[in-house]
Amino acid sequence: MKRFMLSAAVAALAFPAVAYAGAQEGAVTAQPETQIEADTAASAALYLEADQISAKDLLGEEIAGEKGDQIAHIDDLVINADGKADTVVFQSGGAFGLGGKKGALDYSKVSVAVDEAADPRTSVSMTKDAIKSVAEFKTDEMNDYRLASELIGASAKLSASDDEATITDLILAQDGTVEHVIVQNGLIGSIGGEKVAIAYSDIAIEQGDGGGVVIDMTPEMLEAAPRFEYSKTPQYEPVTPNSPSQP
């Protein structure tokens, strides 16, 4: 799977050699340094690809049953220590996302696809009665940032610095692996600043009183991380759903 879609500026970046008349043979005209820097910065951008899923968009998504009817919705994702969503927490019953019962399924049992508009579509080979019979899921007040909803929106401290940044999204591969953690440097929460992509291995969780999310990067390293853009163009082709195992 191709992980990065670099800007076309990489291919366009060239250093023309131009000999000018009457001058020393072999002389070339140099691109202005500021232009080179701008082109290099543009080439570092990453984009949401057709086979990647925004966890922020996945939360709250309706789950279709084997008959095509809506039988539940995704309440949360549990991220394991290896940086992979291994559990889908769903809520069935209730109305307008309120009430009902929480249960959990292995991520592999949920079919996840992305449509032409980059919107996720999820389904399971279960009926409404069957999903209601799944054992209740209890968080036990986890508060350890294993839930996607705890990570998204969390303020993270940068190591060896008083600076902070906000985690705004997790970008998942089809199998649930967190391919990018989207971080934004903003003055107020996630308002303002530029979104950049870092690896899940770059974040750590501090336990105990005063614990929280730490980004193991200096401010300079975070500033140099590739910019992340959600594509707004209809470049997506429907992605074939993963083949879930039978529950």
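Let me start with Ala 113, whose bridge partner in β8 is Arg 121. The strands β7 and β8 run antiparallel and are joined by four bridges. Helices (H or I, at least four residues) and strands (E, at least two) are DSSP runs, numbered from the N terminus, and two strands pair if DSSP finds at least two bridges between them.

Before going on: this is a predicted model, where local features need pLDDT of at least 70 and side-chain atom pairs count only at pLDDT 80 or more, while totals for chains, interfaces and linings use all residues. Residues are numbered from 1 along each chain as its sequence is written, and side-chain values use heavy atoms, with hydrogens and water left out.

Now the sheet. It is open and has six strands, in the order β6-β5-β4-β3-β8-β7, with mixed pairing. β6 and β7 (111-114) stand at the edges with a single partner strand each, so one side of each has no neighbour in the sheet. From one strand to the next the twist averages 40°; axes here are lines fitted to C-alpha atoms, for helices over the stretch in contact, and angles run from 0 to 180 degrees between N-to-C directions.

Back to Arg 121, which forms a salt bridge with Glu 61, the closest N and O atoms being 3.6 Å apart. Glu 61 sits in the loop between α3 (55-58) and β3 (62-64), Arg 121 in strand β8 (residues 120-123), and the two are 60 residues apart. A salt bridge means a side-chain nitrogen of Lys or Arg within 4 Å of a carboxyl oxygen of Asp or Glu, and by this rule there are six.

Are these two residues buried or exposed? Glu 61 is buried at 16% relative accessibility, whereas Arg 121 is partly exposed at 43%. The cut-offs are under 20% relative accessible area for buried, over 50% for exposed, and partly exposed in between, with a 1.4 Å probe and protein chains only.

Another salt bridge joins Lys 102 and Asp 75, at 3.2 Å from N to O. Lys 102 is in strand β6 (residues 101-106) and Asp 75 in strand β4 (residues 70-79), so the pair ties together parts 27 residues apart in sequence.

Last, the aromatic rings. The structure holds one aromatic pair. The rings of Phe 228 and Tyr 230 have centres 5.1 Å apart and planes at 85°, so the pair is edge-to-face. Rings of Phe, Tyr and Trp (its six-membered ring) pair with centres within 6.5 Å; planes under 30 degrees apart are stacked, over 60 edge-to-face, and the rest tilted. Phe 228 is buried, at 2% relative accessible area.
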